[in-house]
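Subject: Structure handover

Hello,

Here is the structure, with the sequence alongside. My notes on what was found in it follow below.

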Amino acid sequence: APMGAAEQLELLRLLRLLAMHYATATLSMKPTVLSDATRVLTLASLAALADALARRPASDAPSAFSLHYAGTAPGPSLPYAFTVDNLAAECAPMRLHDAALLGNRTRILDYFASTRALLLPPTPAACRRTGPAADTAGGHAASTGANTVGGHVAAAGGDTAGKPDPSRLCFRFDATMQWGGGDACLIEQLCYRIGYPSHGWPEVEGTPAEAAKAAAPAPWRYYTGEASEFGHDLPELFAVRDVVLLLKAFLTPQAKDLPPPARWHVSAAAPKWSVSPDGILIAWAFERPLQCTSKNEASSGGFFSKMAGYFSGGSATPRAPPSAADPSALARVAIATEEDVLHLKELPDFGGRVSEMEAEYLLQVLTAPYLRLPLLLRFFCPQHRVSCLAEVRVQEVLDAALFEPGAWRPPPAPASP
């Protein structure tokens, strides 16, 4: 159905308000494994909705931001998008007891895979599928083959693993807060379309002070709202920016980068933007600058660096604990195959509820991500092993094996005819 500009703007405003209220509510409670999964998927849903709304031009008075963001502006134009590359890995060990959350996880990952593909060169196979065969929903393709978003053909399947075009990659808060990339290119296009000076100081345009300001351009003032006229003309940009910021802030790998649980008010969740002298974007919310990426080695490297903070309780504690069904987390040693289990010098005792032989079997079973479910159920089926479930850690292992979705597989690329 056609959507008017007023309806689009109101929906985006409400999505931003919902994200702020939800972030405030979740930070007022003690986080758990289940609440963290719900929080991330809810904010990801809001970000996906905001993205879909923003790239669907209104039927009566299309916003310049929507036209350029969707790549449908007059003249040569390509779409912009943001990526959430760590979302798939973060979702794999989430414990999802609600079937609705599980289904939503797949839809969210499929959606972000298709928008990420907009930043890649279209494949020849995708170019051949631009007609009615592409199943579109709300202007966004939902097929497992080629995707058309905003009238553009996007690569799919294995091609989504390529490197996105950095000049069209927006809202890169999880990678860097440095001004530039797609944000700078999008602002430049919008300035040219609307008629704002590219140097970022519209208030001095046509005055003797303009020459000095133009010598030190600051186009980020449009992005942060310091040049408030820009925000009044294009409020859709700010709504999408803030929703994506909250999502990526709650996806930070380290717990120390999240605002602490407290009795927050919604006003504290409204980001206040500024830029440091060296061009670093600063988003201040919850009485601190939000940190969407972590420089700590625990977030960037192997098993030992990731687990050390969790087991020691130090500053490198991850936002979400490792999977309770991860044999490496149970043994506190990197385990990839059954052979690694055979070389363990010490096995977890699970409170004395299982023997060493049974503990070894459990660890070996957990190395097989998809086979482990029937094997675990068969293991606990005999009556003499039911008492093992009185141990909390054993309960956690079985619960995680039952309700963790595991790795997500991107939609396959369309086969060539």
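**The open sheet**

Three strands make up an open sheet, in the order β5-β6-β7, and their pairing is antiparallel. Strands here are DSSP runs of E of at least two residues, helices are DSSP runs of H or I of at least four residues, and both are numbered from the N terminus. Two strands count as paired if DSSP finds at least two bridges between them. The edges are taken by β5 (272-275) and β7 (288-289), each with a single partner strand, so one side of each has no neighbour in the sheet. Strand β6 (residues 281-285) is joined to β7 by two bridges, and the two run antiparallel. Trp-284 stands opposite Pro-289 in β7. As background, strands of a sheet pair through backbone hydrogen bonds, either parallel or antiparallel.

**How to read the values**

This is a predicted model, in which local features need pLDDT of at least 70 and side-chain atom pairs count only at pLDDT 80 or more, while totals for chains, interfaces and linings use all residues. Residues are numbered from 1 along each chain as its sequence is written, and side-chain values use heavy atoms, with hydrogens and water left out.

**The chain as a whole**

The secondary structure comes to 17 helices and seven strands. Of the 417 residues in the chain, 48% are buried. Buried means under 20% relative accessible area, exposed means over 50%, and partly exposed is in between (1.4 Å probe, protein chains only). The chain has an accessible surface of about 19,700 Å², and 59% of that belongs to carbon and sulfur atoms. Accessible areas come from the Shrake-Rupley method with a 1.4 Å probe; for residues, only the protein chains shown count as cover. Among contacts (heavy atoms within 4.5 Å) between residues at least 6 apart in sequence, 68% join residues at least 24 apart.

**Salt bridges**

How many salt bridges does a search of the whole structure find? The search gives 17, where a salt bridge is a side-chain nitrogen of Lys or Arg within 4 Å of a carboxyl oxygen of Asp or Glu.

- Arg-16 forms a salt bridge with Asp-242, and their closest N and O atoms are 2.7 Å apart. This pair links distant parts of the chain, with Arg-16 in helix α1 and Asp-242 in helix α11 (residues 235-249), 226 residues apart. Arg-16 counts as partly exposed because its relative accessibility is 25%, whereas Asp-242, at 2%, counts as buried.
- Asp-36 and Arg-39 meet through their side chains in a salt bridge (3.2 Å, N to O). The two are three residues apart in helix α2 (residues 33-54), so about one helical turn separates them.
- Asp-51 and Arg-55 form a salt bridge through their side chains (2.9 Å, N to O). Asp-51 and Arg-55 are both buried.

**Helix α16**

The buried residues of α16 are Arg-372, Leu-376, Phe-379 and Phe-380. They lie on the same side of α16 because they cover an arc of only 85° around the axis, the arc being that of the directions from the helix axis to the C-beta atoms. These buried residues pack against α15 (356-366) and α17 (392-403).

Arg-372 is in helix α16 (residues 372-380) and counts as buried because its relative accessibility is 10%. Leaving out residues up to four places away in sequence, Arg-372 touches Ala-325, Val-365, Leu-366, Ala-400, Ala-401 and Glu-404.

**A nonpolar patch**

Leu-11, Leu-14 and Leu-17 make a nonpolar surface patch of about 200 Å². Patches are made of residues with over 30% relative accessible area and no salt bridge; like charges are joined within 9 Å and nonpolar side chains (Val, Leu, Ile, Met, Phe, Trp, Tyr) within 5 Å. Leu-17 is in helix α1 (residues 5-26) and is partly exposed, with a relative accessible area of 31%.

**Two positive phi values**

Phe-171 is not a glycine, yet its phi is positive, near 50°. Phe-171 is in the loop between β4 (152-154) and α7 (181-194) and is buried, with a relative accessible area of 1%.

Glu-287, also not a glycine, has a positive phi of about 60°. Glu-287 is in the loop between β6 and β7 and is exposed, with a relative accessible area of 64%.

Regards
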